[in-house]
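Me: Please take a close look at one part of this structure, the aromatic cluster and what surrounds it. Then place that part in the rest of the chain.

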Amino acid sequence: MLLKGAFAPEDQMVRYLNWWQWGYLSSTGTCFDIGATVRAALASFQETGNPYSGSTAPCSAGNGSLMRLAPVVLFAYPDVTAALAYAADSSRTPHAAAEAVESCQMFAALLCSALAVTPKEALLDSMAYLPAEARLSEMASGRFIAKTEGRIRGTGYCLESLEAAVLRAVNLGEDADSTGAIVGQLAGAYYGARAIPPAWLNALAMRDDIEELAGKLFERRRA
């Protein structure tokens with residue numbers, strides 16, 4: 001998006017394809033742990049050239065588009081309307097199931113509220129998005145906060161990933177790296193980069209590239 005100056009779905013899918021086949025921007029230099037939904041979408045894009053190749057099947061509503069959402073939101077912020085639109089389009093490329101798309105829009109609204117220094121207890125009420133999907137609508141009401149730990153799961157399902165990220169993070173196990181990636185975005189938006197422990201930063205793969213990208217997103221907002 002930074003290179004194109006706008007959301008470019010074809011460019012997004014080409015980069016994902018390069019990651020899948022040649023390890024582009026992988027911390028290990030090779031693709032690992034690619035999900036079936038993403039693999040199918042990339043194979044379809046490779047064959048048809050249609051960037052919106054994500055499955056719309058409800059069973060494909062994985063958390064892959066949630067894990068990488070923060071840069072999309074930062075590109076648009078403080079334009080919340082644009083952030084919600086970009087979040088939806090960014091999800092639809094490999095994850096087009098309605099719950100996956102709306103999970104991204106809901107998360108984008110949360111990230112925008114956190115970036116606006118909204119107090120934690122007011123984040124849900126401050127969201128500029130009301131999902132239509134029944135389970136996400138119930139989540140937006142805040143009733144899930146009263147769930148006991150035994151009823152919260154950190155799986156690859158988008159809605160359960162959001163619940164786990166907000167309530168318990170990686171200690172739930174299961175798809176812990178994905179849950180951590182989601183909660184890390186929200187924590188970063190709320191606390192800022194200075195709150196990240198130096199030991200974590202020192203061990204970060206491709207730190208220079210990440211900080212360069214973050215700097216460009218910050219300069220875009222200032223401009």
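**The aromatic cluster and its setting**

Reply: The model is predicted. Start with the ring that has a charge beside it: Arg220 lies over the face of Phe75, at 3.6 Å from the ring centre. Phe75 belongs to an aromatic cluster, whose members are Phe7, Phe75 and Tyr86. The structure as a whole has three aromatic pairs. In one of these, Phe7 is paired with Tyr86, with 6.3 Å from centre to centre and 35° between the planes, a tilted arrangement.

Is Phe7 buried or exposed? Its relative accessibility is 15%, so Phe7 counts as buried, because the limit for that class is under 20%.

The peptide bond from Tyr77 to Pro78 is cis, with omega near 10°.

Arg92 and Asp89 form it, and their closest N and O atoms are 3.0 Å apart. Both residues lie in helix H5, three residues apart, which is about one turn of the helix. Arg92 has a relative accessible area of 35%, so Arg92 is partly exposed. Asp89, at 23% relative accessibility, also counts as partly exposed.

Now go to the helix at the other end of the numbering, H12 (207–222). In helix H12, Arg207 and Glu211 are four residues apart, about one turn. Their side chains meet in a salt bridge, at 2.8 Å from N to O. Arg207 is partly exposed at 27% relative accessibility, and Glu211 is partly exposed at 40%. A further salt bridge joins the side chains of Glu212 and Lys216, at 3.3 Å from N to O. Glu212 and Lys216 are separated by about one helical turn, because they are four residues apart in helix H12. Glu212 has 44% relative accessibility and Lys216 has 42%, so each falls between the limits of 20% and 50% and is partly exposed. The structure holds four salt bridges, and those described here are among them.

Met206 lies in the loop between helix H11 (198–202) and helix H12. Its phi is near 55°, a positive value in a residue other than glycine. Met206 is partly exposed, with a relative accessible area of 30%. Val117 also has a positive phi, near 60°, and is likewise not a glycine. Val117 lies in the loop between helix H6 (98–115) and helix H7 (123–126). At 67% relative accessibility, Val117 counts as exposed.

Gly184 is partly exposed, with a relative accessible area of 37%. Gly35 is in the loop between H1 and helix H2 (36–48). The C-alpha atoms of Gly35 and Asn63 are separated by 9.9 Å, and these residues are 28 apart along the chain.

What about the cysteines? A search of the whole structure finds zero disulfides. Cys112 counts as buried at 4% relative accessibility, whereas Cys31 counts as partly exposed at 22%.

Last, the whole protein. There are twelve helices and zero strands. Of the 223 residues, 42% are buried; Phe7 and Cys112 are among the buried residues. Among contacts between residues at least 6 apart in sequence, 60% join residues at least 24 apart. The accessible surface comes to about 11700 Å², and carbon and sulfur atoms account for 56% of that area.

Notes
Residues are numbered from 1 along each chain as its sequence is written. This is a predicted model: local features need pLDDT of at least 70, side-chain atom pairs count only at pLDDT 80 or more; totals for chains, interfaces and linings use all residues. Side-chain values use heavy atoms; hydrogens and water are left out. Rings of Phe, Tyr and Trp (its six-membered ring) pair if their centres lie within 6.5 Å; planes under 30 degrees apart count as stacked, over 60 as edge-to-face and the rest as tilted. Buried means under 20% relative accessible area, exposed over 50%, partly exposed in between (1.4 Å probe, protein chains only). A charge sits over a ring if NZ of Lys or CZ of Arg is within 6 Å of the ring centre and within 35 degrees of the ring normal. Helices (H or I, at least four residues) and strands (E, at least two) are DSSP runs, numbered from the N terminus. A disulfide is a pair of cysteine sulfur atoms within 2.5 Å. Contact means heavy atoms within 4.5 Å. Accessible areas come from the Shrake-Rupley method with a 1.4 Å probe; for residues, only the protein chains shown count as cover.
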